[in-house]
Amino acid sequence: MATVLAIETSCDETAVAIVNNRKVCSSIVASQIPVHQQYGGVVPEVASRQHLETINGAIAIALEQAEIDWNKIDGIAATCAPGLVGALLVGLTAAKTLAMVHHKPFLGVHHLEGHIYATYLSEPTLEPPFLSLLVSGGHTSLICVKDCGDYETLGETRDDAAGEAFDKVARLLCLGYPGGPAIDKLAKQGNPQAFILPEGKISLPDGGYHRYDASFSGLKTAVLRLVQQFEKDGQSLPTADVAASFQETVARSLTKRVITCALDYGFSTIAIGGGVAANSGLRQHLQKAAQTHNLRVLFPPLKFCTDNAAMIGCAAADHLNRGHTSPLTLGVHSRLALTQVMDLYQLVTH
């Protein structure tokens, strides 16, 4: 079973981990949230510079915590897509350099495949096929997981990702950045039934609605109009109630689509990945609905919901065990469909 040193720098976390198959030997995450809070969101150039300053120290600490030397490491991996190009380049360059210096195979990993593999870290006996809901700041997708590197997209958001909607609504409510945790915390104090907000259904050309696709831009606009109406009437905004109603609508919308998809395709297991998987409202809705339909729903531990290198290492270890490696000429991609994962690899034959 392969032991991999993995690097994740796709956005605003500098992360390094050492993973043996599905076991985490060490996991270091240096968050940049305090740096970006003053701007109200991630500034790509600032993120890249922070990665440059942090990466070497994070690698050293990961090796120290794992109590492992380079002889025991079988491969070096880094996220190569999708993400901020400058940020991705820092991690990819570091990984390629380590691979060349220590004569190890190099693997470029798809960020979303990493989020799928986050569930394996807490459920090491999990095997495909299963349904994966990926919900993060940049992505909201329903994925049929067939095998390592073999995925089919069954549903997705047509506009804003769920995490993006959380950030935008948090800004409207003056809750700061990042929006997800702030709304989740405030929602616990509010009434989720206070305001009826649109779920964002996608109409089909021949009538009816798409069973799996979602939309969150209309929901965000509805919150904006609500805020403007309170301002116009000179009333104080019941922020907690708005936050609770918004979170309830997102959780209900996602749960409805996930359960429908699982039942339609005959999946018995649903795995959730991405930053929004940490949301308490979504967890409660999905667990309750899954129980009703006798489905198994799996959430990674909170530390593996947000961006981390352990999930990247877990995915890389599986690929390496199957003889997949990446060429050192591999570049970074700001966008790359999950269905194109195998374009990142070549099969090594002995």
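Visitor: Which are the buried residues of helix 3?
Guide: In this predicted model, the buried residues of helix 3 are A87, L88, V90, G91, L92, A94, A95, K96, L98 and A99.

Visitor: And what do those buried residues pack against?
Guide: They pack against strand 1 (3–8), strand 4 (75–81) and strand 5 (106–110), and also against helix 2 (44–66).

Visitor: How many residues does helix 3 have, and how far does it reach?
Guide: Helix 3 covers residues 85–101, which makes 17 residues, and from its first C-alpha to its last it reaches 24 Å, close to the 24 Å expected at 1.5 Å a residue.

Visitor: What follows helix 3?
Guide: Helix 3 is followed by H103, a residue whose phi is positive, near 55 degrees.

Visitor: Switching over to S253, where does it lie, and is it buried or exposed?
Guide: S253 lies in helix 8, which spans residues 239–265, and it counts as buried because its relative accessibility is 0%.

Visitor: Which residues does S253 touch, leaving out those up to four places away in sequence?
Guide: With those set aside, S253 touches E199 and F216.

Visitor: Now cysteines: how many disulfides are there?
Guide: The count comes to zero disulfides, taking a disulfide as a pair of cysteine sulfur atoms within 2.5 Å.

Methods:
Residues numbered from 1 in each chain as written. Predicted model: local features only at pLDDT ≥ 70, side-chain atom pairs only at ≥ 80, totals over all residues. Heavy atoms only, no water. Helix = DSSP H or I, 4+ residues; strand = E, 2+ residues; numbered from the N terminus. Expected span 1.5 Å × (residues − 1). Buried < 20%, exposed > 50% of the residue type's maximum accessible area, 1.4 Å probe, protein only. Contact = heavy atoms within 4.5 Å.
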